[in-house]
Amino acid sequence: MLKRHSEFFKSLLFLFDLTLICTCWIAAYYIRFAGTLVPVTKGVPPIVPYLLLLAPIVVVWGISFQAFNLYRPRRIGSRLAEFLDLAKANTLSVLILLSLTFFIREFEYSRLVVLYFWLLNLVALGFSRAVFREGLRFIRRMGYNQRYVLVIGVGKLGQKLVGCLAQHPELGLKVRGYLTRLHEKVGQGFEGVPVIGTYADVTEVVAWGIDIVFVCLSPDAEAHAEKILAYLATTMVEVKVIPAIYEFITLRAEAEMFEGLPVITLQGSPLYGWNAVLKRGMDFLGAATALVITSPLLLLIAAVVKVTSPGPVFYRQTRMGLDGRAFEMLKFRSMQVDAESETGPVWAQPEDVRRTPIGSFLRQTSLDELPQFWNVLKGEMSIVGPRPERPEFIVRFRERVPQYLLRHKMKAGITGWAQVNGWRGNTSLEKRLEYDLYYIEHWSVWFDVKIMLLTLWRGFVHRHAY
């Protein structure tokens, strides 16, 4: 019954999409020739040749949408992924349509009509899919349109999955129970979900009306995977596997296909392709603007540093940046020359006697950091990112704090998510790492803008900047 209902909804959505596409084609004609966006200079062509194209449009878009598998179940998929699939299918179909019209010599179709058609399709189909998905999510929250789930594996992976599904009732996925390897666990419950059998009972349990099976085997139980998956391949249930290697995922995990092989990235950086171009462009423009605007202040601070203490105006210190590469970070000098000659590399302390007469003020107001915009301009740093640390300290931190080196998957920054939340200077390494990794995991251009605005809003003064 559930299968028939699913096919009915797929067919209904398919017919609605084709109807909407045809409507957009006709609307594109009227926007071009009855609207005022672009003046008509050669007269209004008859609508009949445009209506005759509806038949090939239905065929091309129908085949394209099916080829892109746009009607598969998307209970777990994201809205953005669905819209991107729609955009790809729509763009390919428009290119095919343009190719078809090229061979029609008796009539010249307006390229603007085709452009309007493409845009209208993106907006209309994107909006209609969003409404459709939200409608489904609503009725699933009400307890309708449910699918029943079996989780094979009662370890950390299985329990984490069940917890995630419980937090998202809009998915309409109800867990019937777990299967376990150990007989003594049968009858127990975890977070309200019972263990209903062992791996050997999979044949019987699946026959109870299970729609989706999640295989979440721990490494010590993967020897059973071949037999379980071989049986599931003979059934009509949907099978999803969460590999045991998931436990080793640390940062920005993703999966991709290479020659039919699934390749899982355990830790990666968000800065590749256009992301890297956008961030570098923002950094370059932002640093250049900041240096120009603050140039009078920079000159004033440089003069005061020079007058109040002997030694150079700037202090260069080796820091570790992107992918562990060392660079010389530039600051206004706030300490006496050779301040670490006796102590070695140490953090500044409250009432530090090594500071120059204006060193405390420069450090507490973060004005000593302004020259780092030059590091940003050179590409060694970013305006926003994890604060760079000295290699001597990193040797200690990597032993004390697991995953500390993951901070270097992102270019070091003048300000960062940890800093605007109060974790700077001599504060908890664990909390700073937590906020830095959150930033890398959720990076976007808008997140960078938010951090920059928070830096300005909350000011540069900090009680832990000694």
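A residue counts as buried when its relative accessible area is under 20%, as exposed when over 50%, and as partly exposed in between, using a 1.4 Å probe and protein chains only. On that scale, 42% of the 466 residues of the protein chain are buried. Keep in mind that this is a predicted model: local features need pLDDT of at least 70, side-chain atom pairs count only at pLDDT 80 or more, and totals for chains, interfaces and linings use all residues. Residues are numbered from 1 along each chain as its sequence is written, and side-chain values use heavy atoms, with hydrogens and water left out.

**Overall picture**

- The protein chain has 16 helices and 12 strands; these are DSSP runs numbered from the N terminus, with helices being H or I of at least four residues and strands being E of at least two.
- Contact means heavy atoms within 4.5 Å. Take the contacts in the protein chain with a separation of 6 or more: 70% of them come from residues 24 or more positions apart.

**Aromatic rings**

- Rings of Phe, Tyr and Trp (its six-membered ring) pair if their centres lie within 6.5 Å, and the planes make a pair stacked if under 30 degrees apart, edge-to-face if over 60 and tilted for the rest. That rule gives 16 aromatic pairs.
- Tyr 439 and Phe 447 make a tilted pair, because their ring centres are 5.6 Å apart and their planes sit at 50°. Both Tyr 439 and Phe 447 are buried.
- One aromatic cluster brings together Trp 25, Tyr 29, Tyr 30, Phe 33, Tyr 50, Trp 61, Tyr 109 and Phe 117.
- There's also a charge over a ring (NZ of Lys or CZ of Arg within 6 Å of the ring centre and within 35 degrees of the ring normal): Arg 176 lies over the face of Tyr 148, 4.3 Å from the ring centre.

**Helices α4 and α5**

- Helix α4 (residues 79-102) packs on helix α5 (residues 111-141) at about 150°, with the axes 10 Å apart. Axes here are lines fitted to C-alpha atoms, for helices over the stretch in contact, and angles run from 0 to 180 degrees between N-to-C directions.
- The two, α4 and α5, are therefore roughly antiparallel (over 145 degrees; under 35 is roughly parallel, 65 to 115 roughly perpendicular and the rest oblique).
- On the α4 side, residues making the contact include Phe 83, Leu 86, Val 94 and Leu 98; on the α5 side they include Val 114, Phe 117, Trp 118 and Leu 125.
- Phe 117 also belongs to the aromatic cluster above.
- Ser 128 is in helix α5 too, and its 13% relative accessibility makes it buried. Leaving aside residues up to four places away in sequence, Ser 128 touches Phe 16, Asp 17 and Leu 20.

**Positive phi in loops**

- Asn 69, which isn't a glycine, has a positive phi near 55°. Asn 69 sits in the loop between α3 (54-67) and α4, and is partly exposed at 40% relative accessibility.
- Ser 366 isn't a glycine either, yet its phi is positive at about 65°. The loop between α11 (359-364) and α12 (372-378) holds Ser 366, which is buried at 10% relative accessibility.

**Thr 203**

- Thr 203 is part of helix α7 (residues 202-206) and counts as partly exposed, at 42% relative accessibility.
- Thr 203 and Ile 228 are 25 residues apart along the chain, with 9.1 Å between their C-alpha atoms.
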